[in-house]
Amino acid sequence: MKRTLFVLFVLLPALLAGQKKPLDHSVYDDWKNLSSTMITDDGSYISYEINPQQGDGILYLYDSKNAENESFVRGYGASFSPGNDYYVFLIKPEYSETRQAKKDKKKPDEMPKNDMGIKVLGEEDVTLIERVKSFKLPEDEGGWMAYLKEKPLPEKKEKDEEKAEEEEKEEQEAPDRGRRGGRNNGVEGTELVILNPVKGTEHSFNDVVEYVIDGNGTTVAYVQVKTDTSKVENYTVSVFDTGLEESKEIFNGDGKLKSLTPYKDGSKMAFIYTSDTSEVKVYDLYLWDGTGCSKIADIETPGMPEGWSVSENGRLSFSDSGDRLFFGTAEKPVEEPEDTLLADEKYELDIWSWHDPLLQPQQKEQLQSEKNRSYEAVYHIDAGQMVQLATEDIPGVRFFLKRDGDRVIGESSLKYRKLTSWDANRYTDYYLIDINTGESKLILERAPSSVEFSPSGENMLFWCIKSKSWKSRKTEGGEVIDLTADLDVTFYNELNDTPSEPRPYGVVDKWIEGEKYVLIYDRFDIWKFDVGGEEAPVMITNGYGRKNNTFFRYTDLTARGGYRGFGRSNDDKEYLEARETIYLTAFNEKNKDNGLFKTRINRTDNPETIIMEPYSFRSFIKAEDSDVMIFQRETFEQYPDLYVSDLSFEEPAKISETNPQQDEYIWGTSELVEWNSFDGQKLQGILYKPENFDPSKKYPMIVYFYELSSDGLYRHYTPSPSASTINRTYAVSNGYLVFVPDIPYVIGYPGQSCYNAVVSGTYAMLERYDFIDRTKLGLDGQSWGGYQIAYLITQTDLFACAFSGAPVSNMTSAYGGIRWGSGMSRMFQYEQTQSRIGGTLWEKPIHYIENSPIFFVPKINTPVLIMHNDDDGAVPWYQGIEFFVALRRLEKPAWMLTYNGEEHNLRETPNRKDLSIRKMQFFDHYLKDEPMPYWMKEGISQMEKGKKDGYELMK
């Protein structure tokens, strides 16, 4: 009996493993993603969401002290109060309910609406409030909050009543030019509730259309609107004092009011208002200073440019001290003359002129933003003075010291707009602007690359592409100091393989206190430079990075620091202290390990390892006032679930379980592989294998590539429908190997460079591993990868089939084409960036021809599936058409999928699901000998379109 039990226990894992199933296309909707991670300042509570790709998600609140998770079905958009007293979140309607309402074509007011939940932390109960439009909490302190409700649901009425109401509504909405104000814009307020969840106190106000709460939570300001019988809107602005729990009116007027903006302590309030009831409105700027409300800027205000007015598209903001109010201005809007022509009496025309700074398509793409452009101005409150800062010639401005600094930097690239068609550099002129007078002077002309300024604006740091070095000087002028030219290390991209000038690795976005020092990156390490040039530079990472193939980047853990230093700046902290401990994300280029280190700015020894492991980490976030840290870590096999730890990282606790159903499915593994390319370079790539891999079997292999991809060794891929490229997890789960090689490029030879890397890598895998079936090799790629696949199959018959997404097939025609998404010319891509030709079509015609698959289509013997969509904004659709019709003309097996109205990569989920099915059917046919589906064997005619998908396999 004991022996029998032993055999059963031994066999059980094997039986369970055998029960795992491959992924199929029906699983996508239920696969989930974790997002919106937050931690309270004291580290006691953690919040995150887990949402499926389609359906109802769950919001989680984790109690760190008791290690308990509380869940809220369909919760999202959560916030902790500044004092960590309570927790607020919205609750979506059920997915099925919303879907049904859409099917029933319900009106917007009848659609299901969000609810809201409030939980006082430490208490069990959750308060549920129905039909909530939005909520707001103070940013810095205070226990009060506010929320705005949706319109109440209309009462059910008899059909005759509904008909009468519809007729009355149509009559009200009809044009009424004889009445003051013309047509009603339909502004309608709802109930605003201001409450203190801990005290249980609340106050409500009706007809509210806009509300704000100051950073300290002392004041809630709100706008109420009512429409009289003449359809004129009356606006009232009131402020609610949360200490006194009293509300008072500060402004009332007919017309239009918007952009209510508080100073951080609630002592001041600004907004724009117009009494003009015509269609075209001219706004004025108003300020409430705690005692009274008055107009402070209009078209007559000294300092307002002639013919200009306050812009309704500008953003209002106060300086940190509250002494300055910033706003936008623009040309005064004017009413267009009445159009008396019928549509069929007008011509429509674009005139392309060689004088144009931007091409007509680019002008069209930017037209709305240009119409809405506003120019920054400042109102000095104590002096009662307006100063225009930005102008039509200098449209961009930068501020310092939270807008309290006297220096303003102006930026203008207007002179260089024409160059953007073919030059990858984004040249900019920089100006020093006096915030008190608006006077400007040019301080740096035609800067091609990064320009950084110290927090006060006193010092500037800029990259010189000629000397390939960082230079510094006083912003107002003076000696230029070359900081890096004399060092035996490069501070620009050492691996740059495009014709454009290599870019610098960058600088830490916080200067060291006193602005004497700045931190600058080389490829691996971090250096401290004296911007005055008096002291020798110091490598604060002691060369550890370069010695260990590890590159370090600064991260601000309390500012939701992003991985590899791409963190969000913390506006509350302008400087790093001279002796401060800083944290560094780390990545080992050789083995792809990731981690976190720390060091002091004034040290020169090796940084201290906190954690360095074979994982990819996402978003290290430290609690503001404690040593509690949350982070996500992942491998190809492990979803990036959420962990909590102290700063030792000795025993991190996993607190989420995003996709437990993964255990039911065959997954895969990823491993780093190396080989030598045909031109002698040592390259890396990733080889993915099925979880149930058997080295004695033969496996088909799909080769996917895009530039350098091996750094993603530990990236996890959830099963999801494809926007363009193959889902690696789905492929290995269904018995494929996936090989992802890196590709370095030689300028002028992008096609041959791809061949040298990809084909050499494929042969290296075949020679190294007997389990790869050399007769069952496929290619997969999109965009730049799609082009290279089209090129590869003109050079080799190694592959049994190929998927080529959005390929450039003819560089000679694509060179003069348009990127319709931006309206830009495509010339710059070939001359200086990714396409890597390194010259114009007339300078290097042979290079364009030799790298264009269209000229070598007769050599293609590989069946190819193309996807090119008719609204592709990156690669013109006609490139796919050129390729397909050439293949068709020569009787080469080819299909092209064109998703109507779709972009470069698919956006719509039904289209993504369809592509996923068709792509795998294509690969299964050529690499697994599965029968052809109907759509491949017979095609889908326009008569069949929308009626037949053609997925069925033909025997």
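Trainee: Which residue in β43 stands opposite Ser-616?

Mentor: Glu-634 does. Strands are DSSP runs of E with at least two residues, helices are runs of H or I with at least four, and both are numbered from the N terminus. Two strands pair if DSSP finds at least two bridges between them. Strand β42 (residues 616–622) and β43 pair in the antiparallel sense over 5 bridges. A hairpin of 6 residues joins β42 to β43.

Trainee: What should I know about the coordinates and the numbering?

Mentor: This is a predicted model, in which local features need pLDDT of at least 70, side-chain atom pairs count only at pLDDT 80 or more, and totals for chains, interfaces and linings use all residues. Residues are numbered from 1 along each chain as its sequence is written, and side-chain values use heavy atoms, with hydrogens and water left out.

Trainee: How many residues of β43 are buried?

Mentor: First the cut-offs. Buried means under 20% relative accessible area, exposed over 50%, partly exposed in between, with a 1.4 Å probe and protein chains only. In β43 (residues 629–634), 6 of the 6 residues are buried, so the strand is largely enclosed by the rest of the structure. Met-629, Phe-631 and Arg-633 point one way, while Ile-630, Gln-632 and Glu-634 point the other way.

Trainee: What describes a pair of aromatic rings?

Mentor: The distance of the centres and the angle of the planes. Rings of Phe, Tyr and Trp (its six-membered ring) pair if their centres lie within 6.5 Å; planes under 30 degrees apart count as stacked, over 60 as edge-to-face and the rest as tilted. By this rule there are 54 aromatic pairs. Take Phe-251 and Tyr-273: the ring centres are 4.9 Å apart and the planes stand at 70°, so the pair is edge-to-face. Phe-251 is in strand β15 (residues 246–254) and Tyr-273 in strand β17 (residues 269–274), so to speak distant parts of the chain, 22 residues apart.

Trainee: Where does the charged end of Arg-553 sit?

Mentor: Over the ring of Tyr-521, 4.4 Å from its centre. A charge sits over a ring if NZ of Lys or CZ of Arg is within 6 Å of the ring centre and within 35 degrees of the ring normal. Lys-919 lies over the face of Phe-803, at 3.8 Å from the ring centre.

Trainee: What is the bridge partner of Asp-780 in β51?

Mentor: Phe-803. Strand β50 (residues 772–782) and strand β51 (residues 801–805) pair in the parallel sense over 5 bridges. Both belong to an open sheet of 8 strands, in the order β46-β47-β49-β48-β50-β51-β54-β55, with mixed pairing. The edge strands are β46 (668–676) and β55 (894–897). Neighbouring strands are turned by 20° against each other on average, direction ignored. Axes are lines fitted to C-alpha atoms, for helices over the stretch in contact, and angles run from 0 to 180 degrees between N-to-C directions.

Trainee: Which strands does helix α12 lie across?

Mentor: Helix α12 (residues 877–889) lies across β54 (864–867) and β55, at about 160° to β55. Helix α7 (residues 750–768) runs at about 110° to β46.

Trainee: How many residues has the largest nonpolar core?

Mentor: 52. A nonpolar core is a set of buried Ala, Val, Leu, Ile, Met, Phe, Trp, Tyr and Cys residues joined through side-chain atoms within 4.5 Å. Those with the most contacts inside the core are Met-701, Phe-705, Met-765, Ile-772, Leu-779 and Phe-883. Helix α7 gives the largest share, 7 residues. Apart from this core lies another, of 38 residues, among them Leu-23, Cys-801, Met-920 and Phe-922.

Trainee: Is Trp-895 buried or exposed?

Mentor: Buried, with a relative accessible area of 14%. Trp-895 is in strand β55. Contact means heavy atoms within 4.5 Å. Not counting residues up to four places away in sequence, Trp-895 touches residues including Val-864, Phe-884, Phe-922 and Trp-935.

Trainee: How many residues of helix α8 are buried?

Mentor: In α8 (residues 784–792), 9 of 9. The cover includes α7, β50, β51, α9 (811–814), α11 (845–850) and α12.
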